[in-house]
Amino acid sequence: MESIEKIKEHYRFTDEDVSLLMRLRPVMERYREEFVEEFYNFVKDFEETKRFLKDEATIKRHQDALKLWFMKLFSGTYGSHYLSELRKVGEVHVKVGLHTHYVNAAFHFVKIYIHGILHREIPDIKERARMLESVEKILDMNLDVFTNSYVEEEKKFFFSLKVESYLVQMANRFSHGLNLILVIGLVLLGFMVMGLFAYDILHILDGDIEKGLLSTLGSLLMLWVVIELMDTEIKHLRGGKFAIKVFISVALVAVIRKILVTSLSSEEVGAQLSLVAAVAVLGAIYWLIAKVER
Ligand code: HEM
């Protein structure tokens, strides 16, 4: 981690920059409220904003913190205390899980916004150009510190960063390989169910129409399950969400098939009732999951 002196040196941040930024303070004071309003107008279009700035209390806290941060850009005091405050803000963004892309995009807005103010408020072209340079420097230094928090977070490891990243990479590959084996297994299963379907149709031709029809219906349901499972697996391989619903539907279909088969023997009424109860429970769970997902 760099010290504030090193950061200033690397950005050629001089005493002249400090005094130019301080001269801008009364101008920026007038834009403090508008800045936050415009900032929020800008970030509201990000898909992720609602996830992070989720309720009135958080928004209020963020807006107050933003106003303070904005005014501190022009305070003229950029010592180690300023640096540790910036680091804290960076760490908060990392902690809430905000992607660094959104921070960069927000900084882009801040730059454009301050440029606009300077164009309106500072008529002297030379002076404005120097002020713009100082503003760019302090904003880039801020972004540098914020981005560094993400890098620091990535550096966290248990015994060795190299070994750990290798292990994670291997585990990733292994899980991808297992997923491919699963797809092959499902394809084989699909062929087998198609065989069962053909076998059940033969029952109809044998003359046992009722048994043949019910069993064929059962094997068709199984085929549908295999298709569902394959579909879910393919979506998962393409980066989709894990769909727990499909497992409930597999269990549902298995029980329904069992009901179809046992319905042929009239003595098993007790067993059938328990199967019907199982369908009701699984159905309710399926409905609840579907509701939550919607
Ligand atoms: C120029 C860019 C940004 C600046 C200067 C900034 C500034 C700040 C500051 C000063 C804090 C308070 C940190 C503390 O508690 O010490 C904060 C917190 C936070 N920021 Fe930002 N922010 C920026 C961009 C964003 C964006 C784009 C989002 C989301 C879309 C965001 C979401 C949050 C959240 C969720 C918190 C925590 C709020 C809380 O629970 O108190 N920030 N930010």
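In this predicted model, helix α2 (residues 15–29) and α8 pack at an angle of about 100°, and their axes lie 9 Å apart. Angles of 65 to 115 degrees count as roughly perpendicular, so α2 and α8 are roughly perpendicular to each other. On the α2 side, the residues that meet α8 are D17, L20, L21 and L24. Facing them in α8 are R130, M131, S134, K137 and I138. Sorted by class, this contact of α2 with α8 comes out as five nonpolar, one polar and three charged residues.

Helix α8 (residues 125–154) also packs against α7, this time at an angle of about 165° and with the axes 11 Å apart. Anything over 145 degrees counts as roughly antiparallel, so that is the label for α7 against α8. The crossing of α7 past α8 is right-handed. From α7, the contact takes in T100, V103, F107, V110, K111, I114, H115 and L118. From α8 come R128, M131, L132, V135, L139, L143, F146, T147 and Y150. Split by class, the residues where α7 touches α8 are twelve nonpolar, three polar and two charged.

Next comes the pairing of α3 with α5. Helix α3 (residues 32–43) packs on α5 at an angle of about 125°, with 9 Å between the axes. That angle makes α3 oblique to α5. As with α7 and α8, the crossing of α3 past α5 is right-handed. Here R32, F35, V36 and F39 of α3 come up against Q63, L66, K67, F70 and M71 of α5. The class tally for the contact of α3 with α5 is six nonpolar, one polar and two charged residues.

Helices α5 and α7 show up again around the ligand. Four helices, α4 (49–52), α5 (56–72), α6 (80–96) and α7 (100–121), each put at least two residues into the shell around the ligand. The largest share belongs to α5, with six residues. Altogether, 23 residues sit around the ligand, and those that come nearest are F52, R61, A65, V92 and A106. By class, the shell has 16 nonpolar residues, along with four polar and three charged ones.

Stepping back to the whole protein, the assignment divides it into domain 1 (4–154) and domain 2 (161–293). Taken over C-alpha atoms, the centres of domain 1 and domain 2 are 54 Å apart.

Methods
Residues numbered from 1 in each chain as written. Predicted model: local features only at pLDDT ≥ 70, side-chain atom pairs only at ≥ 80, totals over all residues. Near = placed C-beta within 6 Å. Nonpolar A, V, L, I, M, F, W, Y, C, P; charged D, E, K, R; others polar. Axes fitted to C-alpha atoms, helices over the stretch in contact; angles between N-to-C directions. Parallel < 35°, antiparallel > 145°, perpendicular 65-115°, else oblique. Left-handed = near helix turned anticlockwise from the far one by under 90°. Contact = placed C-beta atoms within 7 Å. Domains from an automatic or database assignment.
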